[in-house]
Amino acid sequence: MEAEIAEFVRNMEAGKEGPYDGINTERDPLKIFKALHSTKVKPNAQFEHDFKLITACYYQIYLKSPQVQAIFRKRAHRNFMLRCLHHYALVTWTLQSDTPRPPGVSTISPITSLLNHSCDPNALTVIHSGRIVTVILRPVREGAQIFTSYGRRWWDPKLADYELSSFACQCVVCGNHPPGQKWRAALQRADVPKPILLEVSQIAKLVERPGLVDAAKMDAMKQFIKRHTRAYPLPALGEIVRLYAVFLEDAVQSENETRERLTVRAELLGD
Ligand SMILES: [Zn+2]
């Protein structure tokens, strides 16, 4: 499969047809089935849970169809169907990446596809409910590049060990180059100003305060991040950026949900 992907990239660069172009244009279901069925990919234990969940969802949905029920009548038939769905979930995830190692999740959108990855992003991309929204996380100098994260962010402890399997990251956090060395030296600086630490604990308390609206909490975090841009990166600042990202993501999602509720209401009531 690695050889096939390499050939596909060579052909694509030369403007020639790729091996899967025929499948896309003809849309022959039997051809697609054969291609999916005979493709061999390595299993990935880290994402096995996701593949099983995807498999279970498709299985339940397909079995609602009387036509599918008529084909997969016995337990052995249905087990075969389950194994196939599980295999196709793994294959289709892998095909979306440029290496044969899953997971490879690509985002195809005219604007966000232009943003490169950094483990120290200055923007956050939220993919939710059919919309892709990119919001700024911390001040960006005029002319500086806007980075988003494809998964790993240095301030996120859960994702610290997350492997960016489809490429070797060369960002300021990971790369062995002068900007990276400078960035890491700044992160490990011992002289963290006391007022910053004090403010961090005040914001942590503010975030926990019941009854205070999210907008007020987010504003306090935003002002703090703005005020201390020059001191960035420090673990204490990273903690606030991490919290701000959590709130921003929630805000974008609830905005989407409000929009959807209004659409449904308009459709039901004919508003
Ligand atoms: Zn990186």
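Here is a short tour, from the whole chain down to one residue.

You're looking at a predicted model, so local features need pLDDT of at least 70 and side-chain atom pairs count only at pLDDT 80 or more, while totals for chains, interfaces and linings use all residues. Residue numbers start from 1 along each chain as its sequence is written.

Colour by pLDDT first (the predictor's confidence in each residue, from 0 to 100). The protein chain has a mean of 83, and 83% of its residues reach 70 or more. Now select 100–105: pLDDT there is below 50, yet beyond near neighbours in sequence the stretch has 27 contacts in the model. A contact means two C-beta atoms, placed from the backbone, within 7 Å.

Switch to cartoon. You'll find 10 helices and four strands, which are DSSP runs numbered from the N terminus (helices H or I, at least four residues; strands E, at least two). Along the sequence they run α-α-α-α-α-α-β-β-β-β-α-α-α-α.

Next, select Leu-124, Leu-137, Ile-240, Val-241, Tyr-244, Ala-245 and Leu-248, which touch the most other members of the 19-residue largest nonpolar core. Strand E2 (123–128), helix H8 (194–208) and helix H10 (235–269) each give two or more residues to this core, and H10 has the largest share, seven. Such a core joins buried Ala, Val, Leu, Ile, Met, Phe, Trp, Tyr and Cys residues through C-beta atoms within 7 Å; buried means 20 or more other C-beta atoms within 10 Å of a residue's own, again placed from the backbone.

Finally, centre on Val-241. Leaving out residues up to four places away in sequence, Val-241 touches Leu-137, Arg-138, Trp-155 and Ile-225.

Key:
Buried ≥ 20, exposed ≤ 12 C-beta atoms within 10 Å, placed from the backbone.
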